[in-house]
Every structure is written in C-alpha cells, then in structure tokens.
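Reader: I would like a close look at a single part of this model, namely its sheet and the elements packed around that sheet. Please give one connected account.

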Amino acid sequence: MSSKDAPPPLPEPLGVPVADSHTHLDMQSGTVEEALAKAAAVGVETVVQVGCDIKGSRWAAETAAAYDPVWAAVALHPNEAPRIVLGDPAGWSRQGAREAGGDTALDDALAEIDRLAALPEVKAVGETGLDYFRTGPEGMVAQERSFRAHIEIAKRHGKALVIHDRDAHDDVLRILAEEGAPERTVFHCYSGDADMARICAEAGYFMSFAGNVTFKNAQPLRDALAVAPLDLVLVETDAPFLTPAPYRGRPNAPYLVPITVRAMAAVRGIDEEAMSTAIAVNTARAFDY
Ligand SMILES: [Zn+2]
Ligand SMILES: [Zn+2]
C-alpha cells in the first residue's frame, strides 16, 4: 500500500465525545468492531449507519441491533430509486424492475423501507432527496416520487429525515415545504451557501458538515457554517468519502471526525470542547437517541 492509499493516523482524541452522524461502514475496509474501536479511541462514540438500497438498509438495521454505538438510517438513495424504476445492469434492482414493472418495483422497495423504518434501532429515514449530479432527466420523476414517499414514511414513524441534496437545493427545499418536513430533518453533507443556511435555520433543519468543510476551495461552506445556529450543527464523515484535509483522497472512516470538529471550531471561533458539546447534544436531539 503506498502512503497515499494508507489509512490516515489516529488524530488526538476529543475531550468531549461526539457522534458521526452519517457513515457507510459497509463501504469501508475492516470489520465493524475495528471501525467502532478506532472511533471510540478518539472520542467518536456513536455512529449513524446509513443504508442506500434495500440490502444496505437491512444491513444498517441489523448492525444497529447488534452494536450499541450504532444507530441506523434506512432508505433508497436518490440515485437508487431511478435504477429500480428504469432497470439497472446489475443486481436486485433490475430483477425487481423486470419482474414487477418499474413503478411496482419502486412501491415494493418503499414498502420494505417502511417496514424497516418501524424498527426501534432505526432512528432515521434517509438518505433521500434529490441528486441532479448523478441522475439525468430520465430519472427525475422516479427520484422525486421516492423522495416524497420517504418524507411521508419518516413522518408516519416519527423518525428523523436525512436529506441528500446534490446540485438540487431549490427543489429539495420546495418539496420539503410542499410535503411538510418532519419535525427533525438533517441536511447530510451540507452543501449550500450562507443564504441557504439562513433558510435552513429558519425552518429548523439540522446541517451536518463533512470533511469537505476543510477543503481549500470550500469557503462558501465555511461561510455557511459561520452563520448556522450552533444548535443546528452536526458533524459527519460520509466515509469512505470526503476525507478531511490534509488526508484528502485517502480512505475516510469515523475515527477521523476529530479533524473535522477542530476545523469547525476554528471556523466558529470557539474552542474544541464547546464545538464537541454542541455537536453531541444536537446529534442526540436530531436522531432522538
Ligand atoms: Zn449523500
Ligand atoms: Zn451517504
């Protein structure tokens, strides 16, 4: 393994433990036990494991049931819903689409998400929302139908809603307003600017910041973090993606959260303990654990 592929070293532990509000352990190397042990060693004592399809959502719920520090979020990712409807060259989705017809296949998949959302270890419905970066115009109808259905499921079960919003800020905000957002809504990997942060603040939406807030070109994100109310700010890895600087490009994992927390504290001009304490309290409130 060359050093640029190697896992970054453990950062200094946080004085006040926090949660990684959004991770994908099933896409990371190593076992769940190893990931949780490394995270706990640096003060990341809780993780929200996020499912992106049926298989991943079932795994998230099972993993949350098996490990105390893990909570689950279940959903069809905004890029997964169109695959189910339109068919996909690989796997479950295409089989489902072939056998049932695309829209019926999506209904069946949503029914399974609905069933999983009722489980006590499942604290959120998501990641759902809109992704105009990876999904083309042919997939947008399915994506929007799936998003609206997930909002309804979250509200009916009293669970948090985890939003994935990529290049779709206006439509995500509009659809949330049209449907009526759940009481607890989290913009994961928050990607809006300061103006959007003010809109989210007004609506009471949580904003979860990922490692990209440390990137040199991410000043608009830091501007958003600077104006977000402190009681609506969360931290996440979205691991294995978005490894914070100076380790950008190397594999991300929950144990790297302290790097992002420290960068966030610097943006806010507060000390690390104050940042960690706010994040810990906010995450527990957002996911109701
Ligand atoms: Zn996402
Ligand atoms: Zn994610």
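Author: The account below begins with the sheet and then turns to the helix pairs, the domains and the backbone of the loops.

The model is a predicted one. Its sheet is open and contains 8 strands, arranged in the order β1-β2-β3-β4-β5-β6-β7-β8 with parallel pairing. Two strands form the edges, β1 (18–23) and β8 (233–235), and each of them pairs on one side only. From one strand to the next, the twist averages 30°.

Two helix pairs may be described next. Two packed helices are described by the angle between their axes and the distance between the axes.

Helix α5 (residues 102–117) packs with helix α6 (residues 140–157) at an angle of about 25°, and their axes lie 10 Å apart. Because angles under 35 degrees count as roughly parallel, α5 is roughly parallel to α6. The crossing of these two helices is right-handed. On the α5 side, the contact is made by L106, L110, I113, D114 and A117, and on the α6 side by A142, S146, A149, I153 and H157. By class, the residues of this contact comprise 7 nonpolar, 2 polar and 1 charged.

The other pair consists of helix α8 (residues 194–203) and helix α9 (residues 219–227), whose axes come within 8 Å and cross at roughly 35°. The crossing of α8 and α9 is right-handed. Here A194, M196, A197 and R198 of α8 meet D223, A224 and V227 of α9. The contact of α8 with α9 divides into 5 nonpolar, no polar and 2 charged residues.

In the contact between them, 8 residues of domain 1 meet 9 residues of domain 2. On the side of domain 1 that touches domain 2, α1 (32–41) and α11 each supply at least two residues.

The loop between β8 and α10 (257–268) holds P240, and a cis peptide bond joins A239 to P240 with omega of about 15°. The loop between β8 and α10 is also the place of P246, which is joined to A245 by a cis peptide bond with omega of about 10°. In the loop between β6 and α8 lies C189. Phi of C189 is near 45°, a positive value in a residue other than glycine.

Key:
Residues numbered from 1 in each chain as written. Chains lettered and ligands numbered in written order. Predicted model: local features only at pLDDT ≥ 70, side-chain atom pairs only at ≥ 80, totals over all residues. Axes fitted to C-alpha atoms, helices over the stretch in contact; angles between N-to-C directions. Helix = DSSP H or I, 4+ residues; strand = E, 2+ residues; numbered from the N terminus. Parallel < 35°, antiparallel > 145°, perpendicular 65-115°, else oblique. Left-handed = near helix turned anticlockwise from the far one by under 90°. Contact = placed C-beta atoms within 7 Å. Nonpolar A, V, L, I, M, F, W, Y, C, P; charged D, E, K, R; others polar. Pairing = 2+ DSSP bridges.
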